[in-house]
Amino acid sequence: MARAPASPASSKARRKPAATTTRSRKPVAPKTAASEAPDKPPAIIATPRRVSLPSLESGATLLRKVVLNAIFLIAVLLFFAMMVNQFVHEQVVIEPIAVPKALVEQGLGPEVVAGRLWDGLRDAQLRARTAKASLSAIPDSQRIQFTVPEVGLSLDTIVRQTRQFFNLHQARISGEIVCADAACTPDGMQLRLRVLKGSNEILDLRAIGGSDQRGYFTEAAIAVLAVLDPFVAAAAQADRYPVRAATLARRLVRQHHPDAKWAQNLLGNLATNAGNLEGAIEAYRAALVIDPDFPIALANLGRALRQAGDLDGARAAYDALQRVEPGTATLLEGRAELLLAEGKTDEAVAMFEQAAAADPASAHYFARIGQIEDGRGDGEAAQAWYRRSLQVDPAYALAVEPVFMALVGAGELQEGEALLGAAARYRPGEADMQGLHGVALSLLGRKDEALAAFDRALAIEPDDFDLLYQAANLLQDLDRYPESITRLERAIALRPYDPAARFAKGSALLLIGDNAGARTDLERVLELDTSGTQYENLAIGFLDILDGLDAANAKAEEKAVVP
């Protein structure tokens, strides 16, 4: 039901009268957009904060906590990085080798002997000449030890305990030099090594005797590598003991060792060195069955096929290498040799120059161009390329020897000796270069200096027949016959069927008056050299002299007996 509107009278009765005020009303300004905006809060005026000792202490405490936490975080990260590195890149630790007192008095303490074994491992790896990564070893005395202060806990201990927990033992080499008797002479000293890696392998080396210490420890290192890295041990023996190296390589192949492809490649190299190209091709292909993208085997297969006359097969091998490693110096060299076999000499030279640009640190490619120019009869161009090769490597044999021979042919012996002297100083650890320098000094008549050069070479390669033979001849020229005979005896032990060293020893014995010993050696020369060479003819002449001397001595004795 609708409500009736209020009457005007009643509304007037309810209206309150307006309150009176004495304050005058201000005129109201018209509203604008600015006046409608909300009022801004009053600006806060920052009062300078006073620096006090409590505030400084609080800030320093906070900063110290931040720094310590950051250092702790970095230490934890470094620790885990070191742990991962220890498991991924394992180092073989060489512990100090116990030695008898006699060696300690000579300066060969336990740490020194461990260092010599370390050097031997390096020499063995260099002798292997392989691109495969080998083990990393370090003497225990050379390791950096991290120890937590005031606790005595080292990170090395933590790593070792962690390895033991996961049964992942670190390889360690220990041992001692044992004596056969109380006198403990070098002939009775023997190195015994223990290779610890899960199991314990004991290696008994031969007696030290009078052998060269560097060669002895290199031999010991090869024995260690036969346990820890057998492929490198086989490769290190490939030049001197190819049969032994081949036996070790075949064993790796039969065992399906992780390095089986490297072993097959080594068997191919050994077959190539022996002139058995069919066996080399078979071994390289066997390596590629294991790893079809093995670049070294592809390059070697291409070379072997080219040498065997299968140019199409060589080209296919290089095409496969192009897919695996495009544009490498090895590939360019292989294609250059292939072009040379096809009679495209100029293109081959251009390809060798590309290989030199791809590998600017190698002197081989310039020297190879020099050989090509020599083959074409351009000696001047060949010498220019050889000398360009020597600018990269002053001791590169393929360039040094032809330049030296050219200087000798031109009668410039002094310049030739300077060339070889610079090469020998550039490669002080290369026996061949020291020996070549000795030859140059000998041609100049500087016998003492030549002998010193051969002695340096023999210090590097003490069992090199040619070095021993030439050094012995120099000793005879210097009238040092006993020393010459000693070296010739060593050379004869290395090559018992070579008549050269036997004749040199017989002539030396004759010159010092040992006619009986000289006759024995000279007669042995006649047994060894039956082809009518110079040694047989010289031995016959010397034996005739001995017959005359013996006859004269017999007549003198008869006259002395007759009254």
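In this predicted model, the side chains of Arg427 and Asp393 meet in a salt bridge, with 2.4 Å from N to O. Arg427 lies in the loop between helix H19 (413-426) and helix H20 (431-443), and Asp393 in the loop between helix H17 (379-392) and helix H18 (397-409), so this contact ties together parts that are 34 residues apart in sequence. Arg427 is partly exposed, at a relative accessible area of 27%. Asp393 has a relative accessible area of 10% and is buried, because the limit for a buried residue is under 20%.

A salt bridge also links Arg446 with Glu417, and the closest N and O atoms of this pair are 3.7 Å apart. Arg446 sits in the loop between H20 and helix H21 (447-460), while Glu417 belongs to helix H19, so the pair ties together parts that are 29 residues apart in sequence. With a relative accessible area of 28%, Arg446 is partly exposed. Glu417, by contrast, is buried, at 12%.

The next pair is Asp455 and Arg487, whose side chains form a salt bridge of 2.9 Å, N to O. Here both partners lie in helices: Asp455 is part of helix H21 and Arg487 is part of helix H23 (residues 481-494), so parts that are 32 residues apart in sequence are tied together. Asp455 has a relative accessibility of 32% and counts as partly exposed.

Salt bridges can also share partners. Asp312, Arg315, Glu342 and Lys344 are joined in this way into one network. In total, the structure holds 33 salt bridges, among them the bridge between Arg427 and Asp393, the bridge between Arg446 and Glu417, and the bridge between Asp455 and Arg487.

From charged pairs we turn to a nonpolar part of the surface. Leu63, Val67, Leu68 and Ile71 make a nonpolar surface patch of about 380 Å². One of these residues, Leu63, lies in helix H3, which covers residues 53-88. Is Leu63 buried or exposed? Leu63 has a relative accessible area of 54% and is exposed, because the class of exposed residues begins over 50%. A patch takes in residues with over 30% relative accessible area, and Leu63 is at 54%.

Conventions
Residues are numbered from 1 along each chain as its sequence is written. This is a predicted model: local features need pLDDT of at least 70, side-chain atom pairs count only at pLDDT 80 or more; totals for chains, interfaces and linings use all residues. Side-chain values use heavy atoms; hydrogens and water are left out. Patches are made of residues with over 30% relative accessible area and no salt bridge: like charges are joined within 9 Å, nonpolar side chains (Val, Leu, Ile, Met, Phe, Trp, Tyr) within 5 Å. Accessible areas come from the Shrake-Rupley method with a 1.4 Å probe; for residues, only the protein chains shown count as cover. A salt bridge is a side-chain nitrogen of Lys or Arg within 4 Å of a carboxyl oxygen of Asp or Glu. Helices (H or I, at least four residues) and strands (E, at least two) are DSSP runs, numbered from the N terminus. Buried means under 20% relative accessible area, exposed over 50%, partly exposed in between (1.4 Å probe, protein chains only).
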